[in-house]
Amino acid sequence: MKNRKINKVAVIGSGIMGSGIACHFANIGVEVLLLDIIPSKINEKESQKGLTLDDHLVRNRIVNNNLNNAIKSNPAPLYHNKFANRISTGNLEDDIVSIAEVDWIIEVVVERLDIKQQIFERIEQHRKSGTLVTSNTSGIPIALMNEGRSEDFQKHFAVTHFFNPPRYLKLFEVVPGPKCSAEVTAFLIDYGTRYLGKQSVLAKDTPAFIGNRIGIFCIQSLFHQVKDMGLTIEEIDKLTGPVIGRPKSATFRTVDVVGLDTLVHVANGLHKHCSKDERRNVFELPDFIQTMMDNQWLGSKSGQGFYKKSKNNDGSSEILTLDLDSMDYRKKKRAQFATLDKTKSIDNLEDRYTVLIEGTDKAGAFYRKNFGELFAYVQYRIPEISDELYRIDDAMKAGFGWSHGPFEIWDAVGIKKGMKLIEEAGHKVSDWVVELASSEQARFYSLNDGNRHYYDIPNKKLIVIPGQESFLILDNSRKTQTVWKNDECSLIDLGDGVLNVEFHSKMNTIGGGVLQGLNRGVDLAEKEFQALVVGNQGANFSAGANIGMIFMMAVEQEYDELNMAIKYFQDTMMRMRYSSIPTVAAPHTLTLGGGCELCLHADKVVAAAETYIGLVEFGVGVIPGGGGSKEMTLRAADSFRKNDVELNVLQEYFLTIGMAKVAKSAYEAFDYGILQKGKDLVVTQNQQQLAIAKQHALLMAETGYTKPIMRKDIKVLGKQALGMFLVGTDAMQAGNYISEHDKKIANKLAYVMAGGDLSQPTRVSEQYLLDIEREAFLSLCTERKTLERIQHMLKTGKPLRN
């Protein structure tokens, strides 16, 4: 079926994974039927209501409770709570017949073959021919699940393995069954990428597939190394976190979050079923892990694991760490290594790996051993778990949050150096690696003609990684298509007359270099291009303005310079709005403060679904000063309707800034007026985001884009609004809800959004609002408490309430 469409799915099993998968399909607009078993007995509440096992509410209790718990969980599984309306619930007795109406059935029940076979038997009775059936199993062989199934069932059966939580973790392993058609496999891979926003990875039907096979090996290997190398839990987590491009939770904190019992279950399965694995012994449990299992120290779910939150006598709390020698909890110790200090000035991770393995302290020894173990293991997993090495890297990046996969790290340290690390760790280098190292390419990856190539082992040559044609990957074009750059920003030709502005400052903050790049980008685009896109593929779109620069100017009382800097910021944002070419912003993940202001002024926003966007300046003691306060006032005025109470509309926009609201997804940003319906767009697939932004920029240009006229018709409410806001802030302070300084900031914002103390509602220009916005911003920068807040944010990364 070449034109297969998915309009409705059935998810069978409503546990944590089942409900999470159901929610993510609802996120992308698919109708979902979520089914589970009926209870075997009524509970106390049902008994008090006089309900019986025959009542509909009782029969659907399990599925409804599980789904409701999922929706309330944090982090939220839905992009927006209203998307829950796309999910209907039922039970496997009354509603199994409804699967005849769906296009895809996903089994997510307990990991027992007999139960899965019973479910598949019932599915077979009701599914229509050609309906996809997939299992979320993480280890049961497909051949066993296929036993007794029809030819059509087997032709349309595969494993689709989501990682938990399904909304956030990007890995989507597709494992075709022995009789699964090539069309179904291709469809699932494409659907996972294009619609679900995942990194689809084709895997083989081997224990734990790719992600968990490598990931659990790495964790188990660390379990065996930690005591032998004389390292503490804190030290391992310091060494295996952001410094090597891994999540902040690193190793032991990650296990606490996931649950030690979950990890042990997978490790035991691998030890049992991987009898030919040359490193099978690594999957054996160290004594301290068995002790923790016996004590039920499973992590967050049991209240303690490798870390434990403890209450002190004074009511404060602290995090204690498990001592693996005494198996008692103790105060956390600070982990510090000279080798890590040497990497602080190295932003490029690929350059950092070389420095880490050359370290002469325990950290250096750890990295040499750790990378040696990793390289030794992955080299022998081909072709066992994958025929292509890039799939292993893709799985580790998408499933475990690694910035670089094993073979990418190996390339960074050098193939021959990696071979030496393998030998120093006591292992043998595989023949294919020896052969590659002696060849001309001597790399696992290369970049040629704007496309990334990988080393194909059977053909013994570098070939193009498939699927890149639908993406715009800046890493592939940066070297050849950059037309201008400075230390914080690059202008990259995306082709077809579209120029891209890429930030590469720390956290992609907006300082002088980025502002220069934005202005240069508009200048160049107006002369030589048709459109401008502002987008990057870093960890965050932008964490906001460079508050360090603001702090230094304020401390030195260089107010004229600060005024000029803020005006430069404002003028740059206005250039995004008022230029002769269309501008498109492509935000993703953190898009705060100045990053949000940039999006507010673009002609169009093509936002990743996972965009956490908001005007958060209140947290550092100021108001949005880059046009954000002006723009929210303008949008409030544009929202005034004939029968609206205008003060109430303005108040909603005021509170969005005053409460420093951050949308937890791009869809929530529409509620806050940050994104605009009918104008802005949300995409689920980050890798396609820039390509889609480019398409929309071109469409705007080709349909006759005309430079907008600056607004002079913005209705402000003057004293009427200002009075309401001031009464409100007085009441909030009197009730001890806000501090005196909070009140001062809120009153400054109130003055701007009211349009000043005008005696009556008036029509004003954008420039008028920008001027009073800048004046309010500067006045707050003279406040000692504002400087304290900025300094605290710079030191801790967290807001201070004073």
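Mentor: Start with a term. Helices here are DSSP runs of H or I with at least four residues, numbered from the N terminus. The model is predicted. On that numbering, Q557 sits in the loop between helix 23 (547–555) and helix 24 (559–577).

Trainee: Why is Q557 called exposed?

Mentor: Exposed means over 50% relative accessible area. Q557 has 56%, so the label exposed applies.

Trainee: Why is K460 called partly exposed?

Mentor: Partly exposed lies between the buried cut-off of under 20% and the exposed cut-off of over 50%. K460 has a relative accessible area of 47%, so K460 is partly exposed. Its phi is positive too, about 55°, although K460 is not a glycine. K460 lies in the loop between strand 13 (451–456) and strand 14 (461–464).

Trainee: What makes helix 18 mostly covered?

Mentor: Buried means under 20% relative accessible area. Seven of the eight residues of helix 18 (residues 406–413) are buried. Among them are F407, I409 and W410. The charged-type residues E408 and D411 count as negative, and both are buried. Just after helix 18, G414 has a positive phi of about 105°.

Trainee: Which peptide bonds are cis, and where are they?

Mentor: One joins N74 and P75, with omega about 5°. P75 is in the loop between helix 4 (61–72) and strand 3 (87–91). Another joins I382 and P383, with omega about 10°. P383 is in the loop between helix 16 (362–379) and helix 17 (389–400). Most peptide bonds are trans.

Trainee: How do you know whether the chain agrees with a compact globule?

Mentor: For 802 residues, the globule rule gives a value near 28 Å; the chain has 28 Å, so it agrees. The C-alpha atoms fill a box of roughly 80 × 70 × 65 Å along the principal axes. Of the 802 residues, 55% count as buried.

Trainee: What share of the contacts join residues at least 24 apart?

Mentor: Contact means heavy atoms within 4.5 Å. Among contacts between residues at least 6 apart in sequence, 69% join residues at least 24 apart.

Trainee: How far apart are the mean positions of the positive and negative charges?

Mentor: They are 2 Å apart, for 96 positive and 99 negative charges.

Notes:
Residues numbered from 1 in each chain as written. Predicted model: local features only at pLDDT ≥ 70, side-chain atom pairs only at ≥ 80, totals over all residues. Heavy atoms only, no water. Rg over C-alpha atoms; globule rule 2.2 N^0.38 Å. Buried < 20%, exposed > 50% of the residue type's maximum accessible area, 1.4 Å probe, protein only. Charge placed at Lys NZ, Arg CZ, Asp CG, Glu CD. Helix = DSSP H or I, 4+ residues; strand = E, 2+ residues; numbered from the N terminus.
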